[in-house]
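Student: I have a structure open and would like to go through some of its parts. Can you help me read it?

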Amino acid sequence: MTHRLTAAFCLFVFTLAASAQVSVDVRVRPLAPIVIVPQQRVFVVNAPAAVQITSVDAEVNILEQVATTSIDIHLFNPSRQLLEAELVMPVPDGAAIRTFGIDGTGAEPTAQILPRDEARRIYDDIVRRTRDPGLLEFIGCNLVRSSVFPVQPGGRQTIHLTYEHVLPADGDRVDYVLPRTESIDYHVPWHIRVKISAKRPITAVYSPSHAIDTIRTDAKNVVATVARDGSTEPGPFRLSYLLERNGVTASLYAYPDPTFGGGYFLLLAGLPPAPPPQKIIKREITLVLDRSGSMQGEKLDQVREAALQILAGLEDGEAFNIILYNEAVDLFADQPVVKTSETLAAARAYLKTVKARGGTNIHDALLEALRAKPVEGTLPLVLFLTDGLPTIGQTSEKSIRALAAEGNPFHRRVFTFGVGTDVNSALLENIAYQTRAVTTFVLPGEDVEVKVSGVFKRLGAPILADPALRIVDANHQPNPARVRDVLPANMPDLFEGDQLVVLGQYVGEKPVTFELSGNYLGAVRTFDFTFNLDSATTRHAFVPRLWAMRKIGVLIDAIRSSGADPNVIARGGDPKMKELVDEIVRLSTEFGILTEYTAFLARDGVDLTRRDAVLNEAAGNFQQRALSRSPGLSSINQDANQQEQKAAASLKYSNTYYNDKMEKVAVSNVQQVNDKAFYLKGNRWIDAQLVNAPEQVDEVVEFGSARFMELAQKLAEEHRAGSIALKGDILMRVDGRTVLIHTQP
């Protein structure tokens, strides 16, 4: 496979026109005082003020591998002066420009199409005159340049650009990339919407770069939109979709890493979008509802309404049971019952009689939910709700965890709900995680009914239950040595609309075969996928970073789980805890992925070469926070962060996390760029490979020098040009040597 799409960085467009007709002028003229790069920043070459990019709207229509991208760039001139500007815009290799336009301009602008050598001369001139290395992210590109246009004082303008290009395919996967800067200083909101239409059914739509919301109009048409809170997240927007082939469809992204003789992989698998309704696996839902005294009033009313909606939403032939608990445990039926008009009416009457009083016996309620034999042919799901700590019966967190792990003979999935802040969030998260489920927290002021009903809706149509993944050789014999550190270790059940994202490390360079098996639409079935690894590329830098995010989440989970034992300490006396903390710090440092426990690594003044001091501070954070069992937001926020880490499927350049008040916090002095991470210490960005070692510089390179541009070209050929585009001095590792790049005057 050739990943030509990410060569989207290989054609620059400086172009504008009032209509679809673009005139060409090969004469070279001076730069405009202001150069606008909507994916990067505004470069002031020689002007008293700068135009601002207020927002960008991108509408993408993909029809049978042909993508039409329409971009509106909204500008504002905050000054009282007329400003002259021109536009610079990267587009994919082979793109055909359809239309250009500018609102509010007079004369029709022209465009210059420049050959690569001349483009590089002008490009170098911009970098030299502005002393801003930002454009180096897009080095090596051809250039189409617009004529100068004015932006009126206090005025607003919108630039319209539409281009078309053919997307590359890797088997059943089609990839789209919209190039943008990876700089965390970039805060311009991009509103991106992608409409996909295909002749074959679309099984998955996935973005490793940004969280997306998808709406499926039918099996062959999907609309994907970047989530609202991701509109200002930097980085190239990447989107892939899979086309159906024989049930489950899968594709592989690979990133090479010669340090361990293999690399990292991301396996993406999608389900058929419109399975026959009669073949969808039936569900058995056990509702376990807290009716302790603290639930009285509005909370109990909302829970009752949610339960009624769930029962009404069950299909004919599906089964249910209701368990109510306070200090005692009461059952609607000794065994789950099949939904009929009679059992539904009886359940409604049963729920109407519920009153809140007494304590909270979580252990025995969970025991009752797990012990009953499921209705044959169903997927057994438990929705377990509580608003408090265990106060009656067996209250030991360790014992309740053990019950979920060892007292679940029928492998029920226990989806837990913590209502309010007076809950043991670590316990609820652990119960869910080890039973292939998830936890949902309902914070004060949120509607219990909405949260519970939302989870039930996502569990609407089971397609692949009890999935298992293994690696086999050409004879379909187990070949586990080809991969390691595969995450998640326990594959979740897949419901209609779900997709599977598996990350891990591969060993060797020969083709690798994955075997995915499970209960597929009511029958045991196995799907084989063989992938060549010769397409592994550093362009897939998101793969190792996503793997590291998940790995850190799993390690934190191990520490949080140890908090059930009050005798555990984070470092020093407990070798296991020391090992966990050390590995979390190592991964966080290497990949530039910080959590609430390791955010101090980016703090200015922290000497990362003093490893013992760093590890001790991290251990102290885990001791005070992760091992604590005090209820409240300061506990819930940790589990919310942990859930995001363990299920990470898209990047977070800004390293955001929830603090102990459930507020979003971002780290501004760690930069993930290409496949590297840099730490800002003073005015110097330091390569993560060098932060743990005393500084020993092998070469000093001055900004703008011939050696500087040579180094930039080399990094561009390795898909690492963004590393040299940081603002400030840069200390980095290049070909085994430590290079200091001076970018300041």
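Predicted model: local features only at pLDDT ≥ 70, side-chain atom pairs only at ≥ 80, totals over all residues.

Student: What holds strands of a sheet together in general?
Tutor: Strands of a sheet pair through backbone hydrogen bonds, in either a parallel or an antiparallel way.

Student: I clicked on Ser55. Which strand is it in?
Tutor: Ser55 is in strand 4, which covers residues 52-63.

Student: Is Ser55 buried or exposed?
Tutor: Ser55 counts as buried because its relative accessibility is 15%, and buried means under 20%.

Student: What does Ser55 touch?
Tutor: Leaving aside residues up to four places away in sequence, Ser55 touches Asp72, Ile73, His74, Val188, Pro189 and His191.

Student: New topic. What about the sheet with order 20-21-32-30?
Tutor: That is an open sheet of four strands, and the pairing is antiparallel. From one strand to the next, the twist averages 20°.

Student: How many bridges link strand 21 and strand 32?
Tutor: Nine bridges, with strand 21 (residues 262-270) and strand 32 (residues 499-507) paired in the antiparallel sense. Within that pair, Leu267 is opposite Val502 in strand 32.

Student: Which strands does helix 8 lie across?
Tutor: Helix 8 (residues 542-562) lies across strand 20, strand 21, strand 30 and strand 32. Its direction is at about 100° to strand 32.

Student: Now helix 5 and helix 6. At what angle do they pack?
Tutor: At about 15°, and their axes are 9 Å apart. Helix 5 is residues 397-406 and helix 6 is residues 425-433. The two helices are therefore roughly parallel to each other, as angles under 35 degrees count that way. The crossing is right-handed.

Student: Which residues meet?
Tutor: Glu397, Ile400, Arg401 and Ala404 in helix 5 meet Ala426, Leu427, Asn430 and Ile431 in helix 6. The contact is made up of five nonpolar residues, one polar and two charged.

Student: Last one, strand 41. How many of its residues are buried?
Tutor: Five of its six residues are buried, and strand 41 spans residues 729-734.

Student: Which strands does strand 41 pair with?
Tutor: Strand 39 (residues 684-687) runs parallel to strand 41, with three bridges joining them. Arg684 is opposite Asp729 in that pairing. Strand 42 (residues 737-742) pairs with strand 41 in the antiparallel sense over five bridges, and there Leu731 is opposite Leu740.

Student: What about the turn between strand 41 and strand 42?
Tutor: The two strands form a hairpin with two residues between them. Asp735 in the turn has a positive phi of about 55°.

Key: Residues numbered from 1 in each chain as written. Heavy atoms only, no water. Buried < 20%, exposed > 50% of the residue type's maximum accessible area, 1.4 Å probe, protein only. Pairing = 2+ DSSP bridges. Axes fitted to C-alpha atoms, helices over the stretch in contact; angles between N-to-C directions. Contact = heavy atoms within 4.5 Å. Parallel < 35°, antiparallel > 145°, perpendicular 65-115°, else oblique. Left-handed = near helix turned anticlockwise from the far one by under 90°. Nonpolar A, V, L, I, M, F, W, Y, C, P; charged D, E, K, R; others polar.
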